[in-house]
Amino acid sequence: MFRLIFLILASCGIGESKRRNVLLIIADDAGFETEVYNNSVVHTPHLRSLAQRSLVFNNAFTSVSSCSPSRSTILTGLPQHQNGMYGLHQGVHHFNSFDGVQSLPLLLREANVHTGIIGKKHVGPGTVYPFDFAYTEENNSVLQVGRNITRIKLLVRKFFQNHKEEAFEERAKKEKSKDNVNEEERPFFLYVAFHDTHRCGHSQPQYGAFCEKFGNGEMGMGRIPDWTPEYYTPEQVKVPPFVPDTPAARADLAAQYTTVSRLDQGIGLVLQELRDAGYENDTLVIYSSDNGIPFPNGRTNLYDSGTAEPMLVSSPEHRERWGDTSQAYVSLLDITPTILDWFTVPYPPYSLPGSPTTPVHLTGRSLLPALVSEPSSWHTVYASQSLHEVTMYYPTRSVHQGAYHLLHNLHYRMPFPIDQDLYVSPTFQDLLNRTRLREPTHWFKSLQQYYYRERWELYDSRADPLETKNLISDPSFSAVLESLRQSLQKWQWETGDPWVCGPDYVLEDKLEPHCRPLYNGL
C-alpha cells in the first residue's frame, strides 16, 4: 500500500515539474586544490566558471572519509552505519548496502526519471543501486570511464542521445495509437563519477603516483585526445597545513595538481555536452568529492582535513545567489534530499536492520532553500567511520557544531590503521623514513601521535584549525562537551547505529533498545 501511494505521489510530482534534470559530478579524493577555493597555482577554469553559476559552500563535509561508504551515503542519504556499506565494496573487502535500502537511483527510476552513471560506481548490490545507463568499473576499465576525459565526453553525449531518442520513440508510439502526446521528455539524473584525483601508485604504478601520466602521449602512456596536460613544479605547489612540507610531499602534490587539471578539463567537456544537448537551463548541477585528499591526516580520518569537501550547487531556477558563498554547514548526506526535492519525489516509509521497528528517515536536508537565502541555523554535521579496507577497523563517530568538533574513537587503544594507497605513496614513505632515522619530519604531529589517539577529542576548529589542542580535559569546556555528546548519541540512535553503545557497553535491541554495561574498565 505504501509503495502504491509513493508511486502515485512521485508520478504526480514529476508531472508538475517542467523539464527538471540533475547532473551530479563527484570527484575522487579531491580537495580544495582549485581556483574556486583560492588556490591560484592549479589551473581550473571550468570549475571557476561553474562557480560563477553556483552557490559555493565553504563548510561542506563528507559523513565518512572512505570511498565506497561515502558514495553509498551520497546515493542513499543514509550514513554508512545505517545503509550497511561499512567499508570498501571491491575485491576482498566486499561490503554492500542492505538489500532493503531505498537508494536515490531506485527511487528516481520508480518515479520515471531516466538514470545514468558514468565512471566510478564502487557500491553494491546492483539491485539497490540500479541505473538505466551504466558505464562503470563493473563493465569497463575504470581508467577509461573515470580518467579518459574523451571517453567520458562521448559517453555523456551517448546518454543524451539515448535520452532524446527514447523521447522521440515514445511520442511516435503515442501518435500511432492516437493517445494524448506529451511533448515533454521525462527527466534525467546523470551521475558522472570521475576517478581523478585518486592515487594509483598501488594499482597502476606505471602511470605515476596519481596516474598523472595516463594518456599524456608519452611512450606507453596512451593519448587522451581532449586532454592538454598541465604540469607543475614542486616549488609551485601550496602545501596544505596538515601535509608535511618536504620535497617528497611537494613532488607528490605536483603530480596531484596535474590530475586536478585533467579533472577540470573533463568537467568542462561534460558541461559543454550538457549545453550542446540543450539542457543547461533546466538542469541542477552539483559538484563535490567523496572524501579528503589521500595524504596523512586526510582520507580515512574524521578530522576536518579528512572530511571537508568542495561543494558547488548550480540551479538555473535559483540565480539570485550565483557566484555567492555560503557559510552554512552542509553534508554529502544532503545530496539525496536535495535531488528528491528538486524532482518532488517523496521519501517512502520503510525500516532497516538497525532499527527494525522504526521507519527510516533522512537526517540530511534539501539544499535548495540555501540557494535563495543564507540559512541561519545550519551549523551541525555528523560523521561516522567504521572501516576503509577490511583490515582497517577503527570505528569513529563525530559531530561538528559551529566552532567545536567532537570525535569519539571507539577503539582508541589500537593504532590508527594505514591504507595501502597511502602507505606506498612518496609522502608517507618519506614520513616513515624520516621518523625511523629520527630526522625532522616537517609535519605538525609525530607518527606516534597519529597512530595513538585519545578516546574523546574535542577541538575549537576555528581557533585551532589543525585540531592539535584537545580540550577534552579542560573544565571550562565541560558544558560544550556534554552538549555535543548528547547530540552525537541522539543522532546515532536516530540512525540505528550498531556502535551506539561501544566500547564500554553492549547494545541489546531485541525488546527495547538500550545499552548494557560491560564493566571492562573503559
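Guide: Strand 2 (55-61), helix 9 (304-307) and strand 8 (324-331) each supply at least two residues of the lining of the largest pocket. Helices (H or I, at least four residues) and strands (E, at least two) are DSSP runs, numbered from the N terminus. Bear in mind that this is a predicted model, where local features need pLDDT of at least 70 and side-chain atom pairs count only at pLDDT 80 or more, while totals for chains, interfaces and linings use all residues. Residues are numbered from 1 along each chain as its sequence is written, and side-chain values use heavy atoms, leaving out hydrogens and water.

Visitor: What volume does the largest pocket have?
Guide: On a 1 Å grid over the protein atoms alone, a pocket is an open set of points with protein on both sides within 12 Å along at least five of seven lines, whereas a cavity is a set where a 1.4 Å probe fits but cannot get out; lining residues have an atom within 4 Å of a point. Grid points are joined across faces, edges and corners, and a volume is the space filled by probe spheres set on the points. For the largest pocket, that comes to about 940 Å³.

Visitor: Which element gives the most to the lining of the largest pocket?
Guide: The lining has 34 residues, with Phe32, Pro241, Phe242, Asp304 and Ala308 nearest the centre. By class, there are 16 nonpolar, 13 polar and 5 charged (Ala, Val, Leu, Ile, Met, Phe, Trp, Tyr, Cys and Pro count as nonpolar, Asp, Glu, Lys and Arg as charged, and the others, Gly among them, as polar). With 5 residues, the top contributor is strand 2.

Visitor: Is serine 326 buried or exposed?
Guide: Serine 326 is found in strand 8. Leaving aside neighbours within four places in sequence, serine 326 is in contact (heavy atoms within 4.5 Å) with Leu55, Val56, Phe57, Asn58, Asn59, Arg321 and Glu374. Buried means under 20% relative accessible area, exposed over 50%, and partly exposed in between (1.4 Å probe, protein chains only). Serine 326 has 0% relative accessibility, so this residue counts as buried.

Visitor: How wide an arc do the buried residues of helix 14 cover around the axis?
Guide: The buried ones are Leu481, Leu484, Ser487, Leu488, Trp491 and Gln492. They sit on the same side of helix 14 because their arc, taken from the directions from the helix axis to the C-beta atoms, is only 135°.

Visitor: Which residues are exposed on the other side of helix 14?
Guide: The buried residues pack against helix 4 (80-83), strand 9 (380-385), strand 10 (396-401), strand 11 (404-409) and strand 12 (456-460). Exposed on the other side are Ala479, Gln486 and Lys490.

Visitor: Which residue just after helix 10 takes a positive phi?
Guide: Helix 10 (residues 335-343) is mostly covered, as 8 of its 9 residues are buried. Ile335, Trp342 and Phe343 are among them. Just after helix 10, a positive phi of about 55° is taken by threonine 344.

Visitor: What volume does the largest cavity have?
Guide: The structure holds 6 cavities of 30 Å³ or more. Gln82, Ser355, Val360, Thr495 and Gly496 lie nearest the centre of the largest cavity, out of 13 lining residues. That lining divides into 4 nonpolar, 8 polar and 1 charged. The largest cavity's volume is about 80 Å³.
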